[in-house]
Structures are given as structure tokens and as C-alpha cells.
Amino acid sequence: MNYYMAPLEGITGYLFRNAYETCFGEIDKYFTPFISPNQKRICRTRERNDVLPEHNQGMKVVPQILTNQSEQFIKTAEYLEDLGYGEVNLNLGCPVGTVVSKKKGSGFLSEKESLRVFLDEIYDSCNSKISIKTRIGLETADEFDELLDIFNEFPVYELIIHPRTREDYYKNTPDLAAFEKGYNRSRTEVCYNGDIFTKEDYNSLISRFPELNFMMFGRGILRYPGLICLIKDGTVMKKEKLLEFHNMIYESYRQNLYGDKTVLFKMKELWSYMIHSFQYDNRIEKRIKKAQKLLEYDDMIQELFSGYGLIL
């Protein structure tokens, strides 16, 4: 099995990736949060920092691009190729309203003919391998048949399928029947993405798709960072390892971000997921959310790690 880390905007940037690789590793490919080019620029400073080779040493990193304009995609892919990247990923999955309203991300899935023209232009012009991360439709899974027909017209390097529609957002359960359709009909390698939170979730999926070779993890890793090690060899995450991981991210944010509020915002965002690693009660979660100063936050983290056990 090849294990991929999904891109989560605002969370899985290079500071997170470096801490994760140091403390846990076991990831074959890290996909970056999307670069969103426009007519004035290829990428913002934050996006540029995220893909700089010196910030991604010792990791296989694939930059993700979010656009519905082929010229913007091609220029961004060329920029990334100059940085040494041989693969880029097209985002056809983002469900956020502001993205979808601009017909980007999963919003682009409703524009079938425009999507076909877009893919024709980027595959004709780019030297880099282009993989695609997609949902199964904008509103219903019935759209997926035509989408698969379109994808199969092009040399897609890898098709990463999150078997939900945009309307599902992250609710409901992944549509495994739709994934099976993509798995069987795609002309290229297929990667599964969606709701693998436990070893049991993993085993259940593999029992249905025993020849599946690629799997992408997102929220499952954020909720329990030791998940891949648990799946691979049964290694249970130690509290000391989780604390080391937390401390590396925390110190990186303090060194690279400005102000207590910015650091606290980033850490609280991470804890909205990682709190699920603990056998916790709502009181400690609420107190972490209410922390207004780093010293106050430090006290809450010490209390959490000293007073609560992990789920495994």
C-alpha cells in the first residue's frame, strides 16, 4: 500500500509536514494545500514558501493547483517544474462555497465541456505529470459516469477519488459503489480518499478492494497522527510521541508566525481534530478553545497530557 497525506487548507503546510515526517513518517506522498493562481500572480508568499524545496527536504511532495483557467494552470506547473517538481495535482474536489461559486474545485465538475477543453490544453502543454483529485459530482453521483469518460480521454497520472458529491460536503458516508465504478473503469491508477479514521475502517475498505494500492488520509491522520503506524504494524502511538509532535509544530509556529493570536488560532484549528486522540471530556476542549494567551494555552496542554489518556 502507498500512503498519501491529503491537503488540508491552513493545516498541512510545510511546518506541519516537517514535524509529521520527523515524528511519524510512513507517508509516500504529501500533497500540498492548493496554490490558487490568478491573472496577476502565480502564487502568494505563503504558497511559495510552502513549495520551496528547502522547506520540503526528505519528503515526496506534490503541489496541488486550484484553477479553471488552463493558462494559469500551465504557468503554475512550469513554475513548479523549475523548482524541481515533476508532478502536480489538479484540485477538482474543494467543496467550499467561495471556491464552488467561481466554478473551481468541485464547482468545475458541473462544467463538463469546459473541463474537457481545460484538460486537453493542460495535458497538451505541460511536461509535468498531472494527477487529479476529484469528487464524484457536484450534486449527485449520477454525474460520475460522464466525468470518468472525460478523465479517460487524457493521460491522467493518477486519479484520487473522494466518493462524495459537493452537496455532501463532509457529511453522509462515502459512496463506495461510486468509488468501485471509478476503480473499475479508470484507465489509470486510482487512489481512495475519505473517512479512514481507524484501522478497522482501513481493513474494511481493503476487504472490499483487496488490490487497491493507493490510499489518501486527511482528517484521520489529524485526529490520530499515529494512524499509519497502527495500520502498518500495529504500533500504538505513545503520548510522548504525540507531545513531541505537538511541540515541534507549536515551536515552528511561534518562530514563523507573528503574534500570540495567530499562533493560538493555528493550534486551536489543529486541536479541533487532534483532541480525538485523547479520552477527554468537553471541559478541557472548551478551555483550550478559550485560551487567549500562550501561557494560558501552555497550562491547558500540560493539563491535557498529564491528566488524560489516549484512546489506544
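1. Basis. In this predicted model, local features need pLDDT of at least 70 and side-chain atom pairs count only at pLDDT 80 or more, whereas totals for chains, interfaces and linings use all residues. Residues are numbered from 1 along each chain as its sequence is written, and side-chain values use heavy atoms, with hydrogens and water left out.

2. Nine strands form an open sheet in the order 3-2-1-9-8-7-6-5-4, with parallel pairing; strands (E, at least two residues) and helices (H or I, at least four) are DSSP runs numbered from the N terminus, and two strands pair if DSSP finds at least two bridges between them. Strand 3 (61-62) and strand 4 are the edge strands, each with a single partner, so one side of each has no neighbour in the sheet.

3. Strand 9 and its partners. Strand 1 (residues 2-5) runs parallel to strand 9 and is joined to it by four bridges, with Tyr3 opposite Met215. Strand 8 (residues 190-193) also pairs with strand 9 in the parallel sense, over two bridges, and here Asn193 has Met216 as its bridge partner. Both faces of strand 9 are covered, since Phe214 and Met216 on one side and Met215 and Phe217 on the other are all buried, where buried means under 20% relative accessible area, exposed over 50% and partly exposed in between (1.4 Å probe, protein chains only).

4. Strands 5 and 6. Strand 5 (residues 87-92) and strand 6 pair in the parallel sense over six bridges, and Glu87 stands opposite Lys129 of strand 6.

5. Helix 1. Seven of the 10 residues of helix 1 are buried, so that the helix is mostly covered; the buried residues are Tyr14, Leu15, Phe16, Arg17, Ala19, Tyr20 and Cys23. Just after helix 1, Gly25 takes a positive phi of about 65°.

6. Asn68. This residue sits in the loop between strand 4 (64-65) and helix 3 (70-82), and it counts as buried because its relative accessibility is 18%. The side chain of Asn68 makes a polar contact of 3.1 Å with the side chain of Gln69 and reaches the backbone oxygen of Lys103 at 3.1 Å. A polar contact is a pair of N or O atoms within 3.5 Å; within protein, one must be able to donate a hydrogen and the other to accept it, and residues adjacent in sequence count only if both atoms are side-chain atoms. Leaving aside neighbours within four places in sequence, Asn68 is in contact (heavy atoms within 4.5 Å) with Lys102, Lys103, Lys104, Phe108 and Phe118.

7. The largest pocket. A pocket is an open set of points on a 1 Å grid over the protein atoms alone, with protein on both sides within 12 Å along at least five of seven lines, while a cavity is a set where a 1.4 Å probe fits but cannot get out; lining residues have an atom within 4 Å of a point. The largest pocket has a volume of about 580 Å³ and is lined by 30 residues, of which Pro7, Leu8, Glu9, Pro95 and Tyr170 lie nearest its centre. Strand 6 (129-135), strand 9 (214-217), helix 9 (219-223) and helix 12 (260-274) each give two or more residues to this lining.

8. The second largest pocket. Its volume is about 390 Å³, and of the 19 residues that line it, Gly13, Tyr14, Leu15, Arg46 and Lys266 are the closest to its centre. Helix 1 (14-23), helix 2 (45-51), helix 11 (239-256) and helix 12 give two or more residues to the lining, the largest share, four residues, coming from helix 2.

9. The largest cavity, of about 50 Å³, is lined by Lys268, Trp271, Ser272, Ile275, Glu285, Ile288 and Lys289. The second largest cavity holds about 30 Å³ of space, and its lining includes Asn152, Leu159, Ser186 and Thr188. Ser186 lies in the loop between helix 7 (176-185) and strand 8 and is buried, with a relative accessible area of 13%. The side chain of Ser186 reaches the backbone nitrogen of Thr188 at 3.2 Å, and, not counting residues up to four places away in sequence, Ser186 touches Asn152 and Leu159.

Notes: Grid points are joined across faces, edges and corners, and a volume is the space filled by probe spheres set on the points.
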